[in-house]
Amino acid sequence: MSSQLCLLCVHGHPDDETFHAGGALARYAAEGVRILVVTGTRGELGQIVDPALNTPANRADVGALRMAELDRALARLGQIEHRWLGYRDSGMLGSGENENRESFCQADVGEAVGRLVRIIREVKPQVLITHNEVGGDGHPDHVRAALVTRLAFDRAGDPDAYANQLFGPDAVVTWVPDKLYESVVQYGRLEKLRRLVRDGGVVRAVPLLLRAARAWQPSHERERSRVAATQGVTTARVDVRPWLAARDRALREFRSQMAPDNVLFAFTPGQRARITPTEDFSLRSARLSPQAPEDDLFAGLRVPSAP
Ligand SMILES: [Zn+2]
């Protein structure tokens with residue numbers, strides 16, 4: 001067992017890691033865990049929602065803009081490294097961009113898995129986090145990131161898989177990660193949100209919230225049934241209350257995707273702690289028999305301190 005704990009997050013675009021696991025990243029970074037965030041794409045097809053950033057120069061290279069945002073956001077969460085897997089944003093499901101040959105969703109799966117296997121063999125993470133099988137919201141890059149991560153988790157320890165990586169000047173060694181988690185979409189929290197709005201507990205941006213709450217109602221039920229049918233049950237709840245402020249500061253760095261008037265930023269710290277006290281994950285694969293429910297992604301992997 002490596003003496004340093006390491007967490008590897010694999011997501012489709014810059015901001016997914018903060019949105020789904022920003023509190024956990026801040027918590028583990030503060031503990032001294034080595035963290036590497038891998039994005040499949042640079043998110044270059046994201047729309048710039050903040051008018052102040054919607055300039056010709058930014059529109060010409062949205063990927064660079066979003067990677068710079070990722071840099072700043074991760075610095076808000078702690079000491080976190082990041083890498084790009086090298087693919088192009090595939091665009092929203094059903095868009096013509098899905099067919100672009102350089103897109104993540106058109107890329108050869110075996111090759112993409114090989115790139116991630118090399119990273120796993122190099123940084124030796126015990127724990128991996130990715131999207132759930134349906135990609136949370138079904139974005140093709142999320143679905144692809146989840147698939148590639150599942151396969152890489154299984155193959156990184158196999159000496160017959162990508163054996164060419166094990167020889168030569170850039171040789172790495174096989175590595176068997178211990179646990180693979182998928183983020184759980186927490187639809188129950190929308191109920192809490194609606195209750196806060198209904199009870200008048202949200203003092204800022206109320207018209208915005210009312211609009212958002214009404215908009216969420218129908219899609220909420222559709223999404224709940226679609227995702228509930230496929231996502232795993234929650235097996236780990238990580239208390240992130242002390243890290244919500246850091247997560248909020250990190251989210252605010254993604255201004256191209258979340259303008260300052262985004263509904264996410266309308267809550268007081270106390271309200272945020274009531275809505276999102278934990279970030280939840282579902283254990284997809286494990287080399288050890290975990291004791292569910294867990295409150296720590298590294299449960300069972302920590303070396304006991306000397307008496
Ligand atoms: Zn995304």
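Predicted model: local features only at pLDDT ≥ 70, side-chain atom pairs only at ≥ 80, totals over all residues.

Next, select C9. Its relative accessible area is 0%, so C9 is buried. Is C9 part of a disulfide, or in none? A search of the whole structure finds 0 disulfides. C9 is accordingly in no disulfide, and the nearest cysteine sulfur, which belongs to C6, lies 9.5 Å away. For comparison, a disulfide requires two cysteine sulfur atoms within 2.5 Å.

**The zinc site**

Now display the zinc ion together with H13, D16 and H142. Which atoms coordinate the zinc ion? The donors are ND1 of H13, two OD atoms of D16 and NE2 of H142, at 2.0 to 2.4 Å. Along the chain, these donors follow the spacing H-x2-D-x125-H. The angles subtended by the 4 donor atoms run from 56 to 143°, and the arrangement is therefore irregular. Colouring by accessibility shows that H13 and D16 are both buried.

**The largest nonpolar core**

Move on to the largest nonpolar core, which has 36 residues. Select L7, Y28, F281, L297 and F298, the members that touch the most other members. Several elements give two or more residues to this core, including strand 1 (6–11), strand 2 (34–41), helix 3 (62–77) and strand 7 (278–286).

Centre the view on Y28 and show its surroundings. Apart from neighbours within four places in sequence, Y28 is in contact with L7, V33, I35, V238, D296, L297, F298 and R302. Among these partners, L7, L297 and F298 are already selected from the core.

**A residue in strand 7**

For the last stop, select S282, which is found in strand 7. Is S282 buried or exposed? With a relative accessible area of 6%, S282 is buried. Show the residues around S282: leaving aside neighbours within four places in sequence, its contacts are L180, Y181, E182, V184, G232, V233 and T235.

How values were computed
Residues numbered from 1 in each chain as written. Heavy atoms only, no water. Core = buried A, V, L, I, M, F, W, Y, C linked by side-chain atoms within 4.5 Å. Buried < 20%, exposed > 50% of the residue type's maximum accessible area, 1.4 Å probe, protein only. Helix = DSSP H or I, 4+ residues; strand = E, 2+ residues; numbered from the N terminus. Contact = heavy atoms within 4.5 Å. Donors = N, O, S within 2.8 Å, 3.2 Å for Na, K, Ca; no water. Tetrahedral: all angles 85-135°; square planar, octahedral: opposite > 155°, others 65-115°.
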